[in-house]
Amino acid sequence: MGPMTDAPANTALIVPLTQPTPEAMRAGMDAATQAGADMVECRLDYLQRPDRAALRLLLEGRPLPVIATCRPTRQGGRFEGSETDRLGILSAAAELKADYVDVEDDCDPARLPRARTILSHHDFSARPGNLEAIVRRLAESDAAVGKIAFAAAGPDDALAALDILRSAGRPMIVLAMGEGGLASRVLARKFGAFGTFASLEEGAESAPGQLTVAEMKCLYRWHSIGAATAVHGVVGCPVAHSMSPAIHNAAFAEAGIDAVYVPMLTEPGPESFNRLFDALAGAAWLDFRGLSVTIPHKQNALSRVGGDSVDELSRRIGAINTVLFGGDGSPRGWNTDYAAAIDALAAGMGIAREGLAGRAVAVIGAGGASRAIVAALAQYGAEVTIYNRTFPRAEALAGEFGARARPLEAVGELAAEIVINCTSVGMHPKADETPVPPEALAGAAVVFDTVYNPIETRLLREAGAAGCTTVSGVDMFVNQAVEQFGIWTGQPAPRQLMRSIVVEQLSRET
Ligand code: NAP
């Protein structure tokens with residue numbers, strides 16, 4: 001690649017503009033400036049008439065540096081005209097002093113416009129098998145910048161993209177497209193990429209997985225990401241609606257910790273989980289520190305971390321939701337769900353965990369959340385009865401932890417001081433449902449609903465009306481995030497801030 005004398009000092013936040021008229025595209029340029037973009041990419045293939053007049057309107061007196069791109073359909077773009085016409089448009093853009101002209105690496109080099117070029121390679125199906133050869137070819141060209149964008153099967157592909165960036169020795173653009181590749185966009189700045197693309201607003205993306213400028217700047221704190229930034233993330237499927245990125249990124253900012261937290265969509269199954277885990281554990285250059293694990297990977301995470309690297313109760317539960325990387329030795333795991341639940345309950349009752357000994361607890365549900373809570377209650381000596389729709393699951397769980405099992409139909413006659421809902425009954429959008437008839441709450445003193453959306457479930461509302469102390473799923477959710485933060489950073493978490501973010505996000509959703 002040619003010299004990069006006037007490349008941006010920091011990774012540029014580049015907004016692609018895909019409006020159909022030059023006037024609208026120019027207005028988009030002004031909006032991008034307002035939003036805090038460093039550069040725009042004018043997608044000339046989206047213009048109805050990409051003629052010289054249009055180019056003049058776009059380029060004369062422009063507020064930001066411009067990349068001129070006219071992507072042909074064969075490379076995922078919209079330009080359907082001849083190659084001669086297409087290269088003519090790009091040459092005109094070069095004559096009108098576009099800052100960069102994007103040319104695809106399958107173009108005839110003899111016909112390329114004389115300009116400062118971004119030589120680009122796209123693969124919309126998968127990470128190319130010959131990635132190294134492509135990188136070498138781009139590096140040996142005369143282009144000012146090399147760009148590679150490929151479809152990500154998962155976050156390990158994002159890591160592959162970042163690995164190219166860090167070893168390139170000069171700024172490039174390397175993007176793993178799609179939700180699984182999101183980390184390649186957010187972390188581009190950590191590895192000194194030439195730029196990353198972010199759309200002006202939702203719906204204006206020019207490639208799958210693109211975030212908005214606002215998300216980059218506010219949620220991921222783009223401008224504070226640097227070479228030393230520690231990386232954290234959540235692995236799950238789905239993860240798009242996880243509140244954890246909002247909570248942990250805000251908490252890092254509040255605590256003044258140089259760290260970022262990204263979602264990592266990973267297909268179900270131990271193979272895809274292990275592939276990501278091994279990639280994270282093997283990438284010392286990534287500064288990866290903390291992993292949150294959510295459905296469906298909590299058991300996979302325990303299997304991969306290994307029973308010797310977790311506490312006894314997590315081992316018995318058979319699932320973990322937190323991993324710490326980068327300490328001395330191999331990664332270690334925790335289940336912060338059980339501690340979060342038991343601490344929310346104890347705090348609500350104004351007692352210590354040990355105070356749960358001998359108390360009668362009715363647990364509704366026998367899935368993953370129930371398993372963690374039943375294990376912890378048993379550990380602290382509570383007398384647990386499990387009610388579940390699928391009775392054999394209740395029996396199996398009860399058998400493991402010395403509890404009693406009853407069919408769900410018997411919940412109307414429950415006789416327990418503490419009632420805990422560990423089913424999804426009552427969760428948004430079916431918020432008018434409840435797992436326990438109100439008359440059955442008469443003898444209870446405390447009702448804890450692990451469901452946190454809505455914040456006040458029908459069960460909690462009716463429990464409050466019956467005079468019970470109520471404990472909400474929000475408390476449990478905040479507790480597990482607080483614990484994770486402590487494990488990763490060794491510092492106390494800003495609990496109030498984290499709680500307010502959870503409440504704000506939930507209020508927006510319901
Ligand atoms: P899971 O493993 O899929 O278990 C779901 C449980 O709900 C099972 O016992 C299932 O009964 C029962 N269930 C589902 N639909 C039902 C219905 N219509 N009627 C009766 N029972 C029904 O899920 P999980 O991971 O344990 O999560 C359960 C809930 O816990 C979630 O929805 C979430 O609200 C809550 N949770 C909260 C937190 C927090 O931080 N606050 C954390 C984790 C989970 P069957 O066995 O008969 O299918």
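Helices here are DSSP runs of H or I with at least four residues, strands are DSSP runs of E with at least two, and both are numbered from the N terminus. Residue numbers start from 1 along each chain as its sequence is written. The model is predicted, with local features needing pLDDT of at least 70 and side-chain atom pairs counted only at pLDDT 80 or more, while totals for chains, interfaces and linings use all residues; side-chain values use heavy atoms, with hydrogens and water left out.

Backbone first. Most residues other than glycine have a negative phi, and most peptide bonds are trans. Where does Pro 296 lie? Pro 296 sits in the loop between strand 11 (288–293) and helix 10 (298–305). The peptide bond from Ile 295 to Pro 296 is cis, with omega about 10°. Another cis peptide bond, between Asn 453 and Pro 454, also has omega of about 10°. Pro 454 belongs to the loop between strand 18 (446–449) and helix 15 (458–465). Then there is Lys 97, which is not a glycine but has a positive phi of about 70°. Lys 97 is in the loop that runs between helix 3 (83–95) and strand 4 (100–104).

Next, the ligand. A polar backbone atom of Ala 369 is 2.7 Å from an oxygen atom of the ligand. For Ala 366, a polar backbone atom is 2.9 Å from a ligand oxygen atom. Arg 389 uses a polar side-chain atom, 2.9 Å from an oxygen atom of the ligand.

Now helix packing. Axes are lines fitted to C-alpha atoms, for helices over the stretch in contact, and angles run from 0 to 180 degrees between N-to-C directions. Helix 13 (residues 368–379) packs on helix 14 (residues 391–401) at about 30°, and their axes are 10 Å apart. That angle makes helix 13 roughly parallel to helix 14; under 35 degrees counts as roughly parallel, over 145 as roughly antiparallel, 65 to 115 as roughly perpendicular, and the rest as oblique. On the helix 13 side, Ser 370, Arg 371, Val 374, Ala 375 and Ala 378 meet Leu 397, Glu 400 and Phe 401 of helix 14, contact being heavy atoms within 4.5 Å. By class, this contact of helix 13 with helix 14 has 5 nonpolar, 1 polar and 2 charged residues. Nonpolar covers Ala, Val, Leu, Ile, Met, Phe, Trp, Tyr, Cys and Pro, charged covers Asp, Glu, Lys and Arg, and the others, Gly among them, are polar.

How do helix 12 and helix 16 pack? Helix 12 (residues 336–349) and helix 16 (residues 473–489) are at about 130°, with axes 8 Å apart. These two helices are therefore oblique to each other. The contact between helix 12 and helix 16 divides into 6 nonpolar, 4 polar and 4 charged residues.

Last, helix 16 and helix 17 (residues 495–509) cross at roughly 135°, their axes coming within 10 Å. That makes helix 16 oblique to helix 17. By class, their contact has 10 nonpolar, 1 polar and 3 charged residues.

Notes. A polar contact is a pair of N or O atoms within 3.5 Å; within protein, one must be able to donate a hydrogen and the other to accept it, and residues adjacent in sequence count only if both atoms are side-chain atoms.
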